[in-house]
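Hi,

Here is the structure I promised to pass on. Have a look at it first, and then read my notes below.

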Amino acid sequence: MNGLWRRRLWRALLSVGALAVLYGIASEIGSALLPRRIWMVMHYLEDVELLPPYRSLLEEAVFLIQSGILPRSVLVSTARVFEGLVFGAAVGVPLGLSMARAARLECLLDPWVTFFRFTPALALLPLYALWFGFGELSKILLIATAVAVVTLLGAYQGARDVPRVYLEAARSLGASKGLILRKIVWPAALPQIFASLRIALGLAWVTVVVAELIKATMPSLGYLLALAGAYPRVPTIAVGIVTIGLLVLACDTVALGLYAVATRWMKRSPARA
Amino acid sequence: MRLAEAPRPPKARRVWLGLASVVALVAAYTLLSNAYRVVDPSLLPDPIRGVLRPQILPPTQRIFDAFVQLVGAGTLPPAGTYVHTGDHIGGLVEQRVTLQGSLLVSTYRVLIGLAVGGSLGILAGLLMGWSRAVDEYVHPIYILFRSVPPLALITYVMLWLGHGTAHVLLPIIYAVFTVVVIPTYHGVRDVADVYVKAARALGAGGGLLLSRVVLPAASPFVLAGLRYALIIAWMTTVGVEMLMADDGIGYLLVGGGMWSSRLEVAGDPAVIVVGIVALALVGYAMDAGVRVAGDRLTQWVKR
Amino acid sequence: MPDPRRRRLEIRDVVHVYEGKMATRALDGVSLDVFENEFLAIVGPVGSGKTTLVRIVAGFLTPSSGTVRWDGAPVTGPSPERGYVFQEEAIFPWMTVRDNLEFGLVAQGIGAPEREKIVAEMITLTGLQGYERAYPKELSGGMSKMVEVARVLATDPAILLLDEPFGLLDAQTRSKMQDQLSRLWEEKRKTVILVTHDVEEAIYLADRVVVFSPRPGRVQAEVVVDLPRPRSLETRFSPAFLELKRSIWKEIGRA
């Protein structure tokens with residue numbers, strides 16, 4: 001199918017390239033025409049580049065990387081995302097699986113799961129900040145909460161969706177409950193668990209960025225954005241945004257890859273290629 | 001020995017159990033949060049003492065009190081000039097911020113976000129799912145855009161649009177848009193294909209095909225996407241309000257005032273709990289609404 | 001004259017009613033005996049309760065009333081002693097053919113070397129050489145079903161329960177599967193209960209055919225199949241075969 005992929009690649013490059021060129025033109029025009037003083041509520045902001053041309057962006061990017069600000073921020077924010085992801089999934093997945101199997105547990109926990117599901121994780125930020133301080137812990141716990149809810153639902157649904165036939169076949173062959181969990185429920189639910197992990201990853205990034213915007217210390221990507229926004233230095237904002245975007249994309253691609261691996265035994269659906 | 005897939009207990013029993021666990025927790029919490037009155041704090045070991053303070057675990061009555069205050073703030077005579085203090089609930093009441101008012105404002109924002117972002121998202125998903133060419137050109141750009149959390153854009157957007165209403169709504173619309181595109185895209189591309197072929201063979205073209213075949217076939221996916229978009233819309237709305245807005249539930253949760261001074265407000269947990277519970281209830285109600293309406297619209301689906 | 005063979009399965013007055021919006025009486029007092037090494041086929045129209053009965057025998061269902069005794073003891077739940085092959089696809093899609101085949105053995109705690117031996121035997125028996133590491137998605141419907149049968153046989157059950165195992169396959173594959181099952185049975189001589197709506201399949205494979213009435217299910221008639229073994233394609237066209245077919249269809253028509 002080489003021709004197909006080549007065409008797709010070509011078209012993708014074309015459209016992204018066109019966008020890049022468009023931006024270049026717009027930024028050049030902008031630096032000439034756009035205002036440099038902007039009124040912001042109480043005072044004027046000076047020397048604002050609304051559409052920074054590529055050279056500004058490049059300069060800024062180089063500066064941020066060489067000074068170590070960007071790498072350190074990336075490290076800190078990414079670390080928070082992954083720590084939150086691991087904690088959240090470690091709680092959510094087992095709980096979800098247990099809830100699918102123990103009807104009474106499910107009924108008991110259901111109102112709480114529903115409550116957390118409709119509470120945007122960010123709304124909990126003030127509470128967590130109060131209880132756990134403004135440091136690492138509250139942010140990681142916030143992310144973990146959001147991740148736990150999503151993965152719990154994914155694991156629960158995945159386990160409940162296991163076709164009854166497989167469970168009966170396993171019991172008929174003499175499998176114990178533990179074996180069924182390990183070798184039947186777990187692999188059958190894995191695709192849905194991974195799908196929910198992918199969503200959780202996106203959510204984790206959103207949460208960490210906002211949490212860092214609201215209450216953070218350097219170095220972190222959110223704080224970088226906030227600081228740049230306060231000055232403002234648009235090239236910095238732009239570099240920050242691009243960095244976050246790339247990180248999210250990378251994580252998402254990895255998650256997608258994991259999902260593909262976990263479902264390689266699945267029959268291809270009869271959809272269009 | 002029961003099978004793993006045990007039948008669920010009847011609905012009434014389920015509701016009772018759920019209710020029981022909520023009641024049990026509330027009762028336990030009330031006991032715990034009021035413990036400091038009964039037990040002499042100096043007798044408790046240090047970490048526990050730190051937790052059982054009313055500043056950390058607001059007693060249940062205090063939560064009720066906050067609730068009443070926040071709902072009733074609107075009935076007070078109009079406020080004078082507002083001087084920002086560090087007092088969370090006091091400050092809110094001073095500004096005549098009410099719970100219901102805040103929720104209303106936030107709900108309004110979420111609905112606009114859903115309406116505008118949803119329509120745009122469905123449109124985009126439709127185009128991408130329908131035309132192979134459009135898909136291959138536009139999809140990569142879409143992927144780039146959706147990778148950026150909408151709230152990260154807010155500082156930039158503010159520079160362009162100033163401190164009005166648009167800069168609050170834009171991230172919400174954007175967030176909903178990015179979420180709705182994918183399910184629509186999948187619904188149109190993967191599911192509708194067979195039906196499109198059948199309809200075409202019967203001579204259907206253009207508009208009829210679209211409205212009577214493609215959209216209905218894709219609708220279960222779109223509706224599922226809308227439910228998820230609702231959650232994202234609320235998340236974004238609360239975030240935006242915490243950062244940049246003058247009203248809404250996010251604003252209430254962080255205590256209001258100018259952005260720079262928000263960091264100084266000592267959060268009153270009672271207010272936060274009231275806010276969160278109210279928020280969850282509204283979210284649940286809206287989700288139920290979408291779900292019921294969705295089920296009605298997709299009655300024909302085999303469940 | 002009392003049957004000299006050992007009675008292994010004793011079904012007495014089994015009644016089963018499915019609860020729901022409308023209570024459905026699936027079985028209305030079924031009594032049946034199944035003997036050692038016997039191949040019993042149960043035929044009947046849709047809804048006659050055949051699947052319900054065999055699920056009760058397996059232990060997935062508890063009858064509303066009546067008893068089922070296996071080797072004298074009442075049946076309380078599924079067990080590898082009573083191997084079951086489902087009508088739907090029950091091969092585990094995330095496991096290779098090999099892993100599927102040894103699953104029952106793993107469940108019983110059998111050690112690796114022994115498992116290897118048995119799995120190899122099953123592979124040969126079902127003619128699936130070369131497919132040990134294949135995933136079910138690479139197999140045809142017939143091969144997949146064969147793996148399921150072999151998976152059950154690997155645990156050496158005392159009785160094999162087959163619920164319309166070939167119902168989802170096309171006619172040619174079904175015929176091939178029937179031959180394979182017949183060969184397998186010749187080799188292992190297990191006690192078998194086969195549920196099917198295909199009268200020809202029943203006669204071809206069984207020693208005895210029990211005809212169920214339409215809902216509510218009852219044993220309507222019993223026909224002994226004394227065709228010579230081993231059976232082949234020729235058997236299907238023999239006059240005796242035709243005669244049996246006629247009498248069974250007559251029974252079904254009489255309901």
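One term before the notes: helices here are DSSP runs of H or I with at least four residues, strands are E runs of at least two, and both are numbered from the N terminus. Please also keep in mind that this is a predicted model.

With that in hand, chain B reads α-α-α-α-α-α-α-α-α-α-α-α-α along its sequence. That comes to 13 helices and 0 strands. Chain B has 303 residues, and 37% of them count as buried. If you take its contacts with a separation of 6 or more, 73% are between residues 24 or more positions apart.

Starting at the N terminus, its order is α-β-β-α-α-α-α-α-α-α-α-α. Chain A is more spread out than a compact globule, because its radius of gyration is 24 Å, well over the 19 Å that the globule rule gives for 273 residues. Along the principal axes, the C-alpha atoms of chain A fill a box of roughly 75 × 55 × 30 Å. Of the 273 residues in chain A, 42% are buried. As for contacts in chain A between residues at least 6 apart in sequence, 72% link residues at least 24 apart.

Last, the inside. The largest nonpolar core has 195 residues, and the ones with the most contacts inside it are Val147(A), Ala204(A), Val176(B) and Ile193(C). Which element gives the most to this core? That is helix 8 of chain A (residues 177-214), with 20 residues.

Leaving out residues up to four places away in sequence, Ile193(C) touches Val34(C), Leu40(C), Ile42(C), Val54(C), Val57(C), Ile159(C) and Leu161(C).

That's what I have for now.

Cheers

Definitions and conventions
Residues numbered from 1 in each chain as written. Chains lettered and ligands numbered in written order. Predicted model: local features only at pLDDT ≥ 70, side-chain atom pairs only at ≥ 80, totals over all residues. Buried ≥ 20, exposed ≤ 12 C-beta atoms within 10 Å, placed from the backbone. Contact = placed C-beta atoms within 7 Å. Core = buried A, V, L, I, M, F, W, Y, C linked by C-beta atoms within 7 Å. Rg over C-alpha atoms; globule rule 2.2 N^0.38 Å.
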